[in-house]
Amino acid sequence: MPVFIRDYTDFYSSYSHAFNVGTMIRGAGQEIQPNWLHLPVGYHGRASSIVVSGTPIRRPKGQVQVSATEKVPKWSACNLLDLELEMGTLIGKANV
């Protein structure tokens, strides 16, 4: 990494990304919250998720419900995964 990133704020600027995440979190029919169309929706990002281009990405694993009738979850790769392109700008100057 060319710099140490401590923190950042992420914004849902893509309708497709906001729709996909909304579907995973809130379910069909409630994908986009009404305020998304009127103001920038931001959230605290995880700096640990920032990697250099070309870094292999590991699919997350967790407890997944196999079916509606199966009560015991199994440990496997997640069923839903939303990928997005993150672009950033470093603003600052050298201490030289």
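A search of the whole structure, which is a predicted model, finds 2 aromatic pairs. Rings of Phe, Tyr and Trp (its six-membered ring) are paired if their centres lie within 6.5 Å; planes under 30 degrees apart count as stacked, over 60 as edge-to-face and the rest as tilted. Y15 and W36 form an edge-to-face pair, with 5.5 Å from centre to centre and 75° between the planes. Because Y15 lies in helix α1 (residues 15-26) and W36 in the loop between α1 and β2 (42-44), this pair ties together parts that are 21 residues apart in sequence. Helices (H or I, at least four residues) and strands (E, at least two) are DSSP runs, numbered from the N terminus. Y15, F19 and W36 form one aromatic cluster.

Residues are numbered from 1 along each chain as its sequence is written. In this predicted model, local features need pLDDT of at least 70 and side-chain atom pairs count only at pLDDT 80 or more, while totals for chains, interfaces and linings use all residues, and side-chain values use heavy atoms, with hydrogens and water left out.

Buried means under 20% relative accessible area, exposed over 50%, and partly exposed in between (1.4 Å probe, protein chains only). W36 counts as buried because its relative accessibility is 17%, whereas Y15, at 44%, counts as partly exposed. W36 also belongs to the largest nonpolar core, whose 5 residues are Y12, A18, V21, W36 and V41. Such a core is a set of buried Ala, Val, Leu, Ile, Met, Phe, Trp, Tyr and Cys residues joined through side-chain atoms within 4.5 Å. Leaving aside neighbours within four places in sequence, A18 is in contact (heavy atoms within 4.5 Å) with Y12, E31, I32 and W36.

Helix α1 has 12 residues and reaches 15 Å from its first C-alpha to its last, close to the 16 Å expected at 1.5 Å a residue; the expected span is 1.5 Å times one less than the number of residues. In α1, H17, A18, V21 and G22 are buried. Seen down the axis of α1, its buried residues fall within an arc of 125°, and therefore line one face of the helix; the arc is that of the directions from the helix axis to the C-beta atoms. The buried residues of α1 pack against β2. The helix is followed by G27, whose phi is positive, near 95°.
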